[in-house]
Amino acid sequence: MATYDARIKEIRALIDTYPGPEIGTVDEATARSSEQKAVKDALARYDAIRSVHFDRFVKILDDRDAAGAWETEASESRNSLHQTFGDAFHDVKTPTMLGLKIVVGGSEEEDKFYDTLVAAKSAGAAMDAIAIYKQQLTEKTDALKSKWDETSKIAAEIMRDEDTVSAEIVSVLNDAISRAADKHKNMRELARNFVEKCSQAMAIAATVAAVAGGASPFPSEIKDIVDRTKEVTEVWGHFSADMDKRKAAYLQYFTSDHASLLVMFKGAREDAKKFLDEHDYTKLTTNFTAPARNALSAITSSARTSGQKSDAEALVSQLLKKIDEAESAAKTQWDNFVKENQTKFFGPFSPDLDAAVLGSGKWKDFYSKVSSINLQGLLEGWIGDERSDWREIDQTAMLEEWKSELRESLSDSLERLAQTEDAIRLNNSSDAVVTFVSVKLKDLADKIRD
Amino acid sequence: MPEKLLDSLHTGLVTSEELDAKPYGFRVTWIKWDSGFRGSDLQITDRIIGIDGILYDATNRKDHDQAPGGYAEDQYWEKKGARDGQSTTLTIWRDGEALQIAGLVRADRSYTNDAGRRAIAPAGPEALTNDGFDNAWMGWLEKFEDRASRIFDGGWQHTLNIRQELADALEEGPRIDFLLKKYPGPFATVTKSDYDRLIDSLRGKKYALTPADLAYRSLTQHRVDDAIAAGQQARASFLSKNSAAPLDSLPAVDPIRGDRQSVAGQVVEIASVQEIAEAGHGWYYAQGAQGAVYLIDSRSPAMTAVYLAVERFKQLVSPEVNDVHQFIGKVTTTPTMVAAGRRVYTGLVIEVLADTVDGKVFVDLTTGGAEPLFANEEKMHPPPVVNTSAKQSPEQVMTSFINALKLGDQDLWSSFFATWSCSRNDDGNCIYDLNGGPDPGSHSMDYVHARRMIMSDVYDIRVAKVGPLRSLLDKPKIEGVTIELDHIGLFDGEYHAYRNAELHRMWRLQRVDNGPWRITSDQGI
């Protein structure tokens, strides 16, 4: 604890200047001595309470409503002066001029001193402002953490569901390729056999026609090929349905669930940035602590005696220390608040933020996996086969009935398959899936980017 | 009991020098019980401007300590060769007039009782005994005189809680009774008389208010009733027109992953809301079916319009409106997240379409642009029965001002404030500013407070005193006057003047070039 006794010592020194008993009559000396004692006693009472008030001023800065408490304390300090030192002549009927100078003059100087203390209420106001500022920072820090946790949790759930769909897409692609490839292979073998048989059959048919005068029956393999094309077409039908289902799920996530979350989180970021602007630390210093320091400095600079000045310096240094500490703590809290939330709420769209709420990285893995499934190439090969296999049959010598049969059943069936596969190539091939997802993902990312 | 006359003589007055007063003098703040001026016409607050025909001079203050009540007063009487019981005449200044008041100067006395102990008066009590009370008689007397002096010396003009002072003073009743019974004599009689005067003063002037005086209160109640009825009708019509459903009848929808379209656009009636706040940003939270969260932003333009309407209601109808809302709103597809305390509220935002505040103020936000009217607002302008004549005296202006308050007409009430300013600078000169009055609307908060008071604790306000007319400036000619108001409260079935920190007793009025008197005090009631 600091001591604030310079002013008291100063007044005490004045009290010691009372003339001794050798001056004047015995009655005058007695009265003077009595007055001196009364003034000294009053000063002692003031001394006892003055330091208590000064200590309270320092302590008040830690209290709630420091400005109000400061005002009360300033008023009580002044009352204490008036009730102690200022009331030194309570029992003195006719004070001496020296006594009047010491008590009245001294009290007036102290009164002026308290005027500057009253004006330094802004120190209390600054501490109140800092307390509110810190409280709001704490509340906002907690709020942003809660919001981030909640957003991350919901985002994780959505991204988990997106991952599930992605895994299903890979599986559906692989499964479809596997099943279609088997059937294509089988179909191709059947086609070659059919072409071979067809050549032989045409020779036989020509012989039969010459000998028996009738047409030879069309090779039965064609039915197997047509059946296979239907099976492959069915595979693609199921595949398309499966893929559409997954794409619909993606759409739900990208345009609704995930999009809503990002729109909401963008709102939270905007709110946080507004808070950041409104609570800029420099406003605290400009509006509160700087005026408080000025008012505290005025206590020292306005002091009317060296004793008051000395006490004021001791008091003000304690008060400034409190304000410095509180201001520094507020700045640290502010800096931490900004730092902690920079990448999540205040700064540009960061990789951390992307990973937590958007998950662009995982989509690269997905693209890679899907792209490695060369459905596109396979489809192109199969479509080529389908459009060439039946044309390899030399129809020059073919009976007209055969030609008609070939066109109506096999070629039409193969063409339909080729068209189906072409549609798959355009809409649900690996490339098409990657394009679909990447376009939707870009739209999604646009929801949160500034 | 022995009474010893001392050498020193005094008038027995306590005074305070009034350096800036014109004429210069010493204000009487107390007349001691044994003063030679007890029983004279001298009053506390009188200003002593001279003694025995000689006036005091502020420019020649060397003898001011020897004036009545000064610490060296006895030296004056010694110099004059005065004796105990000698007559003296004070020249005093009261209400702008000089009066002569005669009294006696008396020798100081010292009293002792039969046991040789110091007493306060010839018949006792002993100075340092307490007779079972909290403190000794000497200390008690000092405090009693201090309190009485404070009240008689303009206590009503200062910010005092008169009723608390009265309660404190009444606690001294038993001690006064004890004094009279055990120590009968002049001291007890005078002290009892002072005490009775103190109690009378603190009780405040008694008023007899008639039903006509209080009619304004029922006028307000009728206006509130009218607003409530109009609000209820408008609300029912609004609910019906918009096919509003109770909020909890909507299916619970996850605000992020649910089917928001299934509830979007639905107009809902919200029975109750809870106020929550995220670092100072307020929201209203309503719970739907199965814990579904719905949120209303207190900073939305719609809510700003509601708050503005409520403020106008307070000004036009009644200041008593609690912050209790019954919203009607449209469910949006916008999800939002509010973190308040330890809880995160994630829900859909509700756009407020209408609101009933405290069951009194209904605001339809779908009409009236940015500042829609509350129900019945267009009928809330009171009849102009307040005298607005430019020729009114200061007292009449104050009465009209009070009547405007009673009627609840803020514009009319505000019109009694000055539009100019004329305040003294450090040199004591008046600085006139033609447009220096308060900004229009700057008294809105004062008005709301004043309305609250006139509709609750304050039953009437009367002009208690009109001060002398003072000239403040020659060109333009500005005159000023101070008026004291009695605020009348109801205490134990009686109407009495009272005051506390919420009420302003002192009011300043000015007029420019003989124009209308207007209020220059920046206060409401």
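**Exercise 1. Determine how many salt bridges link chain B and chain A, and characterise one of them.**

Solution. Step 1: apply the criterion, a side-chain nitrogen of Lys or Arg within 4 Å of a carboxyl oxygen of Asp or Glu. Step 2: the count between chain B and chain A is four salt bridges. Step 3: one of them joins the side chains of B:Glu278 and A:Lys140, at 2.6 Å from N to O.

The model is predicted: local features need pLDDT of at least 70, side-chain atom pairs count only at pLDDT 80 or more, and totals for chains, interfaces and linings use all residues. Side-chain values use heavy atoms, without hydrogens and water, residues are numbered from 1 along each chain as its sequence is written, and chains are lettered from A in the order in which they are written.

**Exercise 2. Describe the extent of the interface between chain B and chain A.**

Solution. Step 1: with contact taken as heavy atoms within 4.5 Å, 20 residues of chain B touch 27 residues of chain A. Step 2: the two chains bury about 2000 Å² between them, 55% of it on carbon and sulfur atoms; this buried area is the accessible area (1.4 Å probe) lost on being put together, summed over both parts.

**Exercise 3. Locate the disulfide of the structure and state whether its cysteines are buried or exposed.**

Solution. Step 1: the criterion is a pair of cysteine sulfur atoms within 2.5 Å, and the structure holds one disulfide over all chains. Step 2: B:Cys422 and B:Cys430 form it, with their sulfur atoms 1.8 Å apart. Step 3: both B:Cys422 and B:Cys430 are buried (under 20% relative accessible area, exposed being over 50%, partly exposed in between; 1.4 Å probe, protein chains only).
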